[in-house]
Amino acid sequence: MLSVNNLNSGYGKLHVLFGINLECDKSEIVSIIGPNGSGKTTFLNTIFGLADIFSGSITFNGLQLNDKLPHEISKVGISYLPQMNSIFADLSVKENLKMAGYILNAKELKDTVDEVISIFPVLKTFLSRKAGTLSGGERQMLAVAMTLMRRPRLIMLDEPLAGLAPVICQKLIEKIVHLRDKLGVGVILVEQNAKKTLEISDKACLIVSGRSIFSGKPDELLESEELVELYLGLKAKDHKGMFK
Amino acid sequence: MIDPILMDAMTYSSLLGIMTFGLTFVRRTTGVWNIAHAGLVTIGAYVVFTCVSFLGGNPYIYFLLAFILSAVVAVVEYLLIIEPLRRRKASTTMLLVSTLAFDLVMLSILNIYADYLQNMFSLPSKNFLLRKLDFILFDEPGIFWVSLSFLMIFLVVLYVILNYTKIGIALRSCVCNPMLASVSGINVMHTNLLSWFISGGLAGVAGGLLPLWMQGKPVVGDSLLALMFCVSIVGGVEEIYGTVLGGFLVGFTQILVTSALSIVLGAAVIPYKTLIPMAILVLTLLFAPSGIAKVNWKKILTIVKFGGASKRKI
C-alpha cells in the first residue's frame, strides 16, 4: 500500500531525515518510535506533503506522492492526525466532522458522520459544542474520529496517546486495533510510549537522529538489548519474548 | 417623512456597515487586516463615476461592475502580496504593513486616473457627487433605502454562508487551523482567494454607494479607513452581525452626538466629530475587547439585577 524508499527530507535547508525506508500494507500497524527530536513527526509530515523532499520516493498504491499537495494527498485515501492542533478549536464538533469529510458529497458525509459516531458514541453528546471547550480526552477522540471521516485506507497518527488518562489511552488503543482488524485500515503510529505501541504493532521502525537504525518485527527490536535500553527507555530482559 | 438627522444617521451607519463587511469578512476568514480595503472602496466609487460620466444612466446599474473590478483588484493583492509573504511565514504585522503599501500604490494610481479624467475630459473627478442622479422613494433619496437594504441583504447572505454552507465553514476552518484544513482536503489557497474576492467585491459596492451620499475623491476610502476599523473592532470580528451593530453604534453616536453638541456648543465642534467613534473604540477595547457582539449581556443583566460586581471577566 504505502512504500517509502530512501527518503531524504526536511524543511527548507534543514535536512532532517536521511535515507528512510518503510512499507505499510493494509490491516497492518507500523510503529515509528524513537527519542524526542529524532524526526518521527517530520517523517509523517513528509508523507503528507508538509515537508520538503530532497530525494527518494513515496508511493501509495502505485501513485507517486512526491509532488502532491496536502489537500490532494487527503483525496487518495490517507488520513493524518497531527500531533498538535489536531482539531478546529473555533468550530463546533459537528463542523469539525464536516470539515474532516470535506472531500465527501452530502450523502457520503451524512453516512460517514453516523458511522464515525457509532465508533465514538461519546461524540454524539456534544455535537453542537465548540471543540475548543472539550477536555483533552474528548479532543483526542474527536481528532481520531476526524481522521476516519475520509474513509481512509491508511491513517497516520502522531502521538495520539499523548497526555491522555490511562483509561482513555486503553480505549483509543482498542479503537486503533479495531480499525486494523475490522476495517482493514493500515495504521502508521508515532508514539513516545514505545511499550504500548509495540504491543499492538505488526512492524516497527526505530528512528534516531533522522536515520532508521532498525526496521522489522517488534519482538526482533526487543531482542536487541542495546537499542531497547538506549533509545526506548525499556529494560530488554523484561520485554524479551512479550509477543510470543 | 423621516427626520433628516435620523435619516442621515441611518444612511451613514448603513454605509459604514457595508464598507466594513469586507474588512471584517477577510479578517475573520484569512486573519489579515487589509488596509488596502480603503483603496478597494475608492475603486468602486470611480467605477460608478466613470460609467455614469461616459455611458450615462442610473448609478445603481453599475454596481455589479464595481463589485467585479474591486474584487479582481483584491484577488491581485492577495496573489501578489499576501500569498508570497505567507509562504515566507510573514507575521500578521508584516502582512498588515504590506497591505498599507498596496493601498498607497492604489492611492497613487487613483490620483493619476482622477487627474487624467480631469485633464482629458474636463470631468470633476477630484470632487464629485452623484446625488442628482439618485431616485426618490416615499420622499426619501434612494441611497437611504438602498444602503439599508444592502446592509440587511449582505448581513443575511454572509451569515448564512459562514455558518450554514460547507464553503463558509471551510473559510472559517482555514483561519482557525490552516494546516489541518489542508490535511482535511481543503485547498486553503482557493478558499483564501474566494474570501478576498468577496471582500473586494463588497468594498466595490460600498464605494459605488458613497458618491450618492458624500463627495467622491481619490482619498474617499482612506478618509473613512479609521472609521471602518473602528466599526469592525467595536462590533467584533468573530460574528459578522457585529459589523452591523458596530456600524449603527458608531454612525448613530457620531451623527446624533455631534448634532446635539453643535446645538449646545456651536458649529465649532463639527470638525472634531471623528473623536466620538475613537472614544467608543477606546472604551470597547478597555471593556469589551472582543467587540459588542461578544459581550455576555445575560451576565451583565444578572449582575445589574442582583447588584454587586462579579470578579469574573464579562
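Q: What makes the radius of gyration of chain A agree with that of a compact globule?
A: The radius of gyration is taken over C-alpha atoms, and the globule rule is 2.2 Å times the number of residues to the power 0.38. With 244 residues, the rule gives a value near 18 Å; chain A has 18 Å, and therefore the two agree. The C-alpha atoms of chain A fill a box of roughly 50 × 40 × 30 Å along the principal axes.

This is a predicted model, in which local features need pLDDT of at least 70 and side-chain atom pairs count only at pLDDT 80 or more, while totals for chains, interfaces and linings use all residues. Residues are numbered from 1 along each chain as its sequence is written, and chains are lettered from A and ligands numbered from 1 in the order in which they are written.

Q: Why is B:V304 called exposed?
A: A residue is buried if 20 or more other C-beta atoms, placed from the backbone, lie within 10 Å of its own, exposed if 12 or fewer, and partly exposed in between. B:V304 has 9 C-beta neighbours inside 10 Å, so B:V304 counts as exposed. This residue lies in helix α13 (residues 297–306) of chain B.

Q: What makes strand β3 of chain A mostly covered?
A: Five of the five residues of β3(A), residues 29–33, are buried. A:I29, A:S31 and A:I33 point one way and A:V30 and A:I32 the other way, and all are buried. Of the 244 residues of chain A, 44% count as buried.

Q: How do you know that β3(A) pairs with strand β8 of chain A?
A: Two strands pair if DSSP finds at least two bridges between them. Four bridges join β3(A) to β8(A) (residues 186–190), so the two parallel strands pair. The bridge partner of A:I29 in β8(A) is A:V187.

Q: What joins β3(A) to strand β9 of chain A?
A: Four bridges join β3(A) to β9(A) (residues 203–208), and these strands also run parallel. In β9(A), A:L206 stands opposite A:I33.

Q: What makes up the contact between the chains?
A: Residues are in contact if their C-beta atoms, placed from the backbone, lie within 7 Å. The contact takes 21 residues from chain A and 15 residues from chain B. On the side of chain A that touches chain B, α3(A) gives the most, with four residues; helices are DSSP runs of H or I with at least four residues and strands are runs of E with at least two, numbered from the N terminus.

Note on methods:
Contact = placed C-beta atoms within 7 Å.
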